Amino acid sequence: MKIGILGAGSIGSALARKLSAAGHDIQIANSRGPHTIDPGIVASGARAVEATDVITGIEALVISVPLSSVPAIKALIADLPDEVAVIDTSNYYPLRDGQIQALDDGQVESVWVTEQLGRPVAKAWNAILAGSLETKGTEAATPGRVAIPVAGDREVDKAVAMTLVEATGFDAVDAGSLGDSWRQQPGAPAYCTDLTRQELAAALRAARKDRVPQRRDVAMATITEKIEGGATLTSDDLVELNRSTYN
Ligand SMILES: NC(=O)c1ccc[n+]([C@@H]2O[C@H](COP(=O)([O-])OP(=O)(O)OC[C@H]3O[C@@H](n4cnc5c(N)ncnc54)[C@H](OP(=O)(O)O)[C@@H]3O)[C@@H](O)[C@H]2O)c1
């Protein structure tokens, strides 16, 4: 499949490498131009392109930019045909994205993204840390395989997103509509806790909407305090912290 990836940071670059390795035809862009893209991504087989060229000829687009950059990319994807699946990896943290108008705590991030872009999106890979995405992918049917939730309103978008999640080495779990995707946002038991398919399905069901923003903020405050105290947190440390805070 020919796939565009907008955003070449921790998540976009890991996806470019993994999807190239899985045989997909990847073109990837950031805001500063192709010459600034990590040569390791290009070595994996992906093409580094200008942001204005990232949608050319693609069958799917992954958007992996900070939530605050989403309004700015609307113009870049304005000519993308309606049938192309757009997959959003965004998460919202009030502390990190304080410069944009804060989303209400009851607001669903990817619903906001779809409103900003004026087109449907599916949500995937938001609920896995970059460190786990890089290192924990396995072959299908491997015991203990980590699962990733996928939400969306158009079945065709969700099907594409689920196929690509599997191609990156993870079980894809149908998490319902975009409106349901608060169940996979920061603060929910399914968020970045590296669960198996069955555990993830149970975690999605167990989420309580009133608790999610509070627990997100508790985890963020704990992480900030530890880092300011000089601690170095690994991806596995963060998964453990999420498991104990979000359950
Ligand atoms: N890091 C994680 O563990 C993780 C896990 C799950 C989901 N997420 C979510 O995934 C998204 C990406 O996260 P990340 O950690 O990969 O971010 P990141 O490392 O900060 O990278 C962001 C990328 O977006 C690009 N970008 C920003 N504005 C742009 C624009 N207007 N046009 C084109 N490209 C633009 C940046 O390009 P320039 O550098 O050239 O500006 C950069 O390549 C965020 O929404 C984040 O919340 C992150």
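Predicted model: local features only at pLDDT ≥ 70, side-chain atom pairs only at ≥ 80, totals over all residues.

Residues are numbered from 1 along each chain as its sequence is written, and side-chain values use heavy atoms, with hydrogens and water left out.

**Stop 1: the ligand**

How many residues surround the ligand? There are 24, and the closest are Ala 8, Ile 11, Ser 31, Arg 32 and Ala 130. By class, the shell has 11 nonpolar, 11 polar and 2 charged residues. For that sorting, Ala, Val, Leu, Ile, Met, Phe, Trp, Tyr, Cys and Pro count as nonpolar, Asp, Glu, Lys and Arg as charged, and the others, Gly among them, as polar.

Now zoom in on Ser 31: an N or O atom of its side chain is 2.6 Å from an oxygen atom of the ligand. Click Arg 32 and you'll find a side-chain N or O atom 2.6 Å from a ligand oxygen too. At Val 65, look at the backbone instead, where an N or O atom lies 2.9 Å from an oxygen of the ligand. Taken alone, the ligand exposes 910 Å², and the protein buries 79% of that (areas by the Shrake-Rupley method with a 1.4 Å probe).

**Stop 2: charged pairs**

Side chains of opposite charge can pair when their charged atoms come close. The structure holds 16 salt bridges, each one a side-chain nitrogen of Lys or Arg within 4 Å of a carboxyl oxygen of Asp or Glu.

Select Arg 17 and Glu 134, whose side chains meet in a salt bridge at 2.4 Å, N to O. This pair links distant parts of the chain: Arg 17 sits in helix H1 (residues 10-21) and Glu 134 in helix H5 (residues 130-135), 117 residues apart. (Helices, H or I with at least four residues, and strands, E with at least two, are DSSP runs numbered from the N terminus.)

Next, pick Lys 158 and Asp 174, a salt bridge with its closest N and O atoms 2.9 Å apart. Lys 158 is in helix H6 and Asp 174 in strand E8, 16 residues apart. Which of them is buried, and which partly exposed? Lys 158 counts as buried because its relative accessible area is 4%, while Asp 174, at 41%, counts as partly exposed. (Buried means under 20%, exposed over 50%, partly exposed in between, with a 1.4 Å probe and protein chains only.)

**Stop 3: Gln 184**

Jump to Gln 184, in the loop between strand E8 (171-174) and helix H7 (197-206). Gln 184 has 1% relative accessibility, so it counts as buried. Its side chain reaches the backbone oxygen of Pro 149 at 3.5 Å. Leaving aside neighbours within four places in sequence, Gln 184 is in contact (heavy atoms within 4.5 Å) with residues including Lys 123, Tyr 191 and Leu 204.

**Stop 4: Val 218**

Finally, select Val 218 in helix H8 (residues 212-228). Val 218 is partly exposed, because its relative accessible area is 45%.

Key
Polar contact = N/O pair within 3.5 Å; in protein donor to acceptor, adjacent residues only side chain to side chain. Near = heavy atom within 4 Å.
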